[in-house]
Amino acid sequence: LPYATKKGVRKCPSSVEEIIAAPVLKAFDAASLKFHSAGREDVDVRMLGLGRPFMLELRGAHRSALPAGGLEALQTQIAQSGV
């Protein structure tokens with residue numbers, strides 16, 4: 001569980017990985033993904049500036065690129081997910 005205590009209780013309802021995984025997997029028709037982040041990702045760490053960079057490693061992807069406007073559409077879909 002992301003951000004879980006030793007007793008398994010979640011500190012937050014979701015993580016960045018959980019929010020973006022399903023739409024990205026679907027867009028690239030990928031089997032799975034690995035989320036690589038820079039810096040500490042603890043829930044209680046302050047974030048300054050524009051955020052922390054991250055990279056998604058797609059495994060078993062059947063698409064290597066999105067059509068024109070596809071990345072913007074994916075970004076909008078994730079942003080409007082309500083999380």
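A polar contact is a pair of N or O atoms within 3.5 Å; within protein, one of the two must be able to donate a hydrogen and the other to accept it. In this predicted model, the side chain of Arg 63 comes to 2.6 Å from the backbone oxygen of Ala 27.

**The chain**

- The chain contains two helices and two strands.
- Read from the N terminus, the order of these elements is α-β-β-α.
- The chain has 83 residues, and 14% of them count as buried.
- Among contacts with a separation of 6 or more, 53% are between residues 24 or more positions apart.

**How the two helices pack**

- Two packed helices are described by the angle between their axes and the distance between the axes.
- Helix 1 covers residues 16–28, and its axis lies 10 Å from the axis of helix 2, at an angle of about 150 degrees.
- Helix 1 is therefore roughly antiparallel to helix 2, because angles over 145 degrees are placed in that class.
- The crossing of helix 1 with helix 2 is right-handed.
- On the side of helix 1, the contact is made by Ile 19, Ile 20, Pro 23, Val 24, Ala 27 and Phe 28, and on the side of helix 2 by Leu 74, Gln 77 and Ile 78.
- Sorted by type, the residues of this contact are eight nonpolar, one polar and no charged.

**Two residues of helix 1**

- Val 24 is part of helix 1.
- Val 24 counts as buried because its relative accessibility is 7%, and the cut-off for buried is under 20%.
- Apart from neighbours within four places in sequence, Val 24 is in contact with Leu 33, Leu 56, Leu 58, Leu 74 and Ile 78.
- Val 24 and Gln 75 are 51 residues apart along the chain, and their C-alpha atoms are separated by 9.4 Å.
- Lys 26 is also found in helix 1.
- Lys 26 has a relative accessible area of 68%, so it is exposed; the cut-off for exposed is over 50%.

- Asp 29 sits in the loop between helix 1 and strand 1, which spans residues 32–37.
- Most residues other than glycine have a negative phi.
- Asp 29 is not a glycine, yet its phi is positive, at about 50 degrees.
- The relative accessible area of Asp 29 is 39%, so this residue is partly exposed.

- Arg 63 lies in the loop that runs between strand 2 (54–59) and helix 2 (70–79).
- Arg 63 counts as partly exposed because its relative accessibility is 39%, a value between the cut-offs of 20% and 50%.
- Leaving out residues up to four places away in sequence, Arg 63 touches Lys 26, Ala 27, Phe 28 and Asp 29.
- Phe 28 is 35 residues from Arg 63 along the chain, while the C-alpha atoms of the two are separated by 4.9 Å.
- Ala 27 and Phe 28 also belong to the contact between helix 1 and helix 2.

Terms used
Residues are numbered from 1 along each chain as its sequence is written. This is a predicted model: local features need pLDDT of at least 70, side-chain atom pairs count only at pLDDT 80 or more; totals for chains, interfaces and linings use all residues. Side-chain values use heavy atoms; hydrogens and water are left out. Helices (H or I, at least four residues) and strands (E, at least two) are DSSP runs, numbered from the N terminus. Buried means under 20% relative accessible area, exposed over 50%, partly exposed in between (1.4 Å probe, protein chains only). Contact means heavy atoms within 4.5 Å. Axes are lines fitted to C-alpha atoms, for helices over the stretch in contact, and angles run from 0 to 180 degrees between N-to-C directions. Angles under 35 degrees count as roughly parallel, over 145 as roughly antiparallel, 65 to 115 as roughly perpendicular and the rest as oblique. A crossing is left-handed if the near helix is turned anticlockwise from the far one by less than a right angle, and right-handed if clockwise. Ala, Val, Leu, Ile, Met, Phe, Trp, Tyr, Cys and Pro count as nonpolar, Asp, Glu, Lys and Arg as charged, and the others, Gly among them, as polar.
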